[in-house]
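Here is a short report on a protein model.

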Amino acid sequence: MEPAAPPLLSLAEVEALARRVHSGQTDKAGRPYAEHLAAVAAGVRERGGSEEQIAAAWLHDAVEDGALSREWLAGAALSVAAKAMILAVTKQADEPVEEYTARILATPGALLIKESDLAHNADPERLAVLDAPTRQRLTEKYARVRALLGLTGP
């Protein structure tokens, strides 16, 4: 008889973990990075996302940013689906955007997380504090990703 699997982390535990591993980090505008994570998680919730999607939203940048390792994620007390979504939205170094977006589209639940991430990243108030060339570059980047994902509207 196999031992019972440990209980999955609660959303509150996932949030606390995300805030801890990203503490001290700031976004491109100099704001605490946890504000972005909270906004993406809230966006997923507002769009009708599941608890697994909300958990993945809290951790959507943790592996990409090096705050948590792939090895940690593999052993984490998260559902298989949440882990898959986190890895789907984790952009690899030098990965073509077409491969990245195809992986997101192929992973159940991941599109909603990326949609919320893009919505927050492209928020005009967030972009307004950046210099014009950076604002233009990011606006074009986010529009291309949205198009490849089949996302329309704001």
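The report moves from the whole chain to single side chains.

The model is predicted. The protein has 9 helices and 0 strands. Read from the N terminus, its elements run α-α-α-α-α-α-α-α-α. The radius of gyration is 16 Å, close to the 15 Å from the globule rule for 154 residues, so the protein is as compact as a globular protein of that length. Along the principal axes, the C-alpha atoms fill a box of roughly 60 × 35 × 30 Å.

Next comes one helix pair. Two packed helices are described by the angle between their axes and the distance between the axes. Helix α6 spans residues 97–106 and helix α7 spans residues 110–121. They pack at an angle of about 125 degrees, with their axes 7 Å apart. That angle makes α6 oblique to α7.

| Helix | Residues | Contact residues |
|---|---|---|
| α6 | 97–106 | Y100, I104 and L105 |
| α7 | 110–121 | A110, L111 and K114 |

Now the rings. How many aromatic pairs does the structure hold? The count is 0. A charge does sit over one ring: K91 lies over the face of Y100, at 5.8 Å from the ring centre. Y100 is also one of the α6 residues that meet α7.

Note on methods
Residues are numbered from 1 along each chain as its sequence is written. This is a predicted model: local features need pLDDT of at least 70, side-chain atom pairs count only at pLDDT 80 or more; totals for chains, interfaces and linings use all residues. Side-chain values use heavy atoms; hydrogens and water are left out. Axes are lines fitted to C-alpha atoms, for helices over the stretch in contact, and angles run from 0 to 180 degrees between N-to-C directions. Helices (H or I, at least four residues) and strands (E, at least two) are DSSP runs, numbered from the N terminus. Angles under 35 degrees count as roughly parallel, over 145 as roughly antiparallel, 65 to 115 as roughly perpendicular and the rest as oblique. Contact means heavy atoms within 4.5 Å. Rings of Phe, Tyr and Trp (its six-membered ring) pair if their centres lie within 6.5 Å; planes under 30 degrees apart count as stacked, over 60 as edge-to-face and the rest as tilted. A charge sits over a ring if NZ of Lys or CZ of Arg is within 6 Å of the ring centre and within 35 degrees of the ring normal. The radius of gyration is taken over C-alpha atoms; the globule rule is 2.2 Å times the number of residues to the power 0.38.
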